[in-house]
Amino acid sequence: MRRDKCPICKSKSKTIIKKIRLTIPEYFHLPDNYDVVVCEECGFCYAATKATLEDYDYYYTHCNSYSGMPTESAGKRKFNQRAVELVSFVDKDKMIMDIGCGKGNLMRLLREQGFRNVFGMDPSSDSVIQMQQEGFTVFKGSIFDEVRADLKGNFDCIFLFDVLEHLLYPDLAIEKVSGYLKEDGYLLISVPNYAALFENYTMLANQFNQEHINYFSVTSLDNLLQSKNFYRVDDENIRKQEIVDSAELLVVYRHCSEGILNKLNYPIKDEICKKSIETYIQRNNESEQEINNKLTQFDTDSVYVWGTGAYVMWLLSNTEMSNMNIEAFIDNNPVKVGKEFFGKPTINIEKISRDIPILICCMRYSQEIADQIKAAHLSNAYLIL
């Protein structure tokens, strides 16, 4: 089943903003292109992808790389700490679940802060096993699975962090999540804020890739939750701690009966997100040309490519990198090392055997990788893309 209408208001009327092209490994079971579109009715921006729910289930079950590196950036930890502070009104003995827990950073922090009943759910066996080894109760499953009878209505608070932007049917996901919540339970949601994308200078593949297929603003997030009978918690202290105007949204919702909400002013049209995305894309078009200029001047027979993520997939599809002879891919993630990537081996830094240039293709840790090359006393020239 493919989605051919807006996940929020169900309208089929849409306008294309940008076609995204990626060189995708066959074992991902995902298409190599999709259109970023805007719903003409409610203004929600999303990917009009040909992928099915089964395709994404396979991808997140079999192609998981989130469990391999349990460390988190200082910025992400600070954000998670903000989220934990936000639920200070929840008693430490209450039942909490992190759906899409991945490598478990949020769960660890909750436990550190004294919450005694912290559970998790994730579709990846690697993630589940890792967290179970740390003493957590984690259930293996998709958010779209039928709600487990033994967990139905059990939880006082559910975290849904960095999940909704990945889901083909976010509306169905919210329905499933509500089944795990107690009648007066809280739902904390964090997603990238695409309304703030106009001031974001990361590469396009960081925002539009094989995983990010829903592009929320606080308006469209409210519209989605309101359509499923959730409302923003009307508490002054909570509202002050929410994040609604930065690169990441952090919002608290609570379920209510359909009669109370009465779909007031639903949906409110999002007038900002499309403009923000267009501004960001225009800036990235200029960056794409700069990258091609660098690669054209990079005269070499063979290269190592450091990176195996969405940025590399974008470079292979949109730049001169597709014409280069790649000796091997390099990655620090042990989950990826030892596997093939587009028919080439994925190695770690210890396995670099040839004195040929290295293209550093990492969206967040390029300078750290350059420092790692220097610390290893490698003579390889390198270029940060």
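Helices here are DSSP runs of H or I with at least four residues, strands are runs of E with at least two, and both are numbered from the N terminus. Arginine 283, for instance, is found in helix α10 (residues 273-296). Before we go on, note that this is a predicted model: local features need pLDDT of at least 70, side-chain atom pairs count only at pLDDT 80 or more, and totals for chains, interfaces and linings use all residues. Residues are numbered from 1 along each chain as its sequence is written, and side-chain values use heavy atoms, leaving out hydrogens and water.

Lys and Arg count as positive and Asp and Glu as negative, while His and the chain ends are not counted. A salt bridge is a side-chain nitrogen of Lys or Arg within 4 Å of a carboxyl oxygen of Asp or Glu. Buried means under 20% relative accessible area, exposed over 50%, and partly exposed in between, using a 1.4 Å probe and protein chains only. Arginine 283 is buried but has no salt bridge; the nearest side chain of opposite charge belongs to glutamate 286, 7.2 Å away. What does arginine 283 contact, leaving aside neighbours within four places in sequence? Its contacts are Leu197, Phe198, Glu199, Asn200 and Tyr201, where contact means heavy atoms within 4.5 Å.

**Charged residues with partners**

Side chains of opposite charge can pair when their charged atoms come close. The structure holds 15 salt bridges, and the table gives some examples.

| Residue | Partner | N to O distance |
|---|---|---|
| Arginine 108 | Glutamate 134 | 2.8 Å |
| Glutamate 278 | Lysine 274 | 2.9 Å |
| Glutamate 327 | Arginine 354 | 2.9 Å |

Take the pair of arginine 108 and glutamate 134, joined at 2.8 Å. Arginine 108 lies in helix α3 (residues 105-112) and glutamate 134 in the loop between α4 (125-133) and β6 (137-140), so the pair ties together parts that are 26 residues apart in sequence. Arginine 108 counts as buried at 16% relative accessibility, whereas glutamate 134 is partly exposed at 29%.

Glutamate 278 and lysine 274 both sit in helix α10, four residues apart, which is about one turn of the helix. Glutamate 278 is partly exposed, with a relative accessible area of 35%, and lysine 274 is partly exposed with 29%.

Glutamate 327 and arginine 354 also form a salt bridge. This pair links distant parts of the chain, 27 residues apart: glutamate 327 is in strand β13 (residues 326-330) and arginine 354 is in the loop between β15 (344-347) and β16 (358-360). Elsewhere, salt bridges that share partners join Asp222, Arg232, Arg239 and Glu242 into one network.

**The open sheet**

Now for the strands. Two strands pair if DSSP finds at least two bridges between them. In which order do the seven strands of the open sheet run? The order is β6-β5-β4-β7-β8-β11-β10, with mixed pairing. At the edges are β6 and β10 (230-232), each pairing on one side only.

Strand β5 (residues 117-122) pairs with β6 in the parallel sense over four bridges. There, phenylalanine 119 stands opposite threonine 137 in β6. Helix α4 packs on the sheet and touches β5 and β6, its direction making about 165° with that of β6. For such angles, axes are lines fitted to C-alpha atoms, for helices over the stretch in contact, and angles run from 0 to 180 degrees between N-to-C directions.
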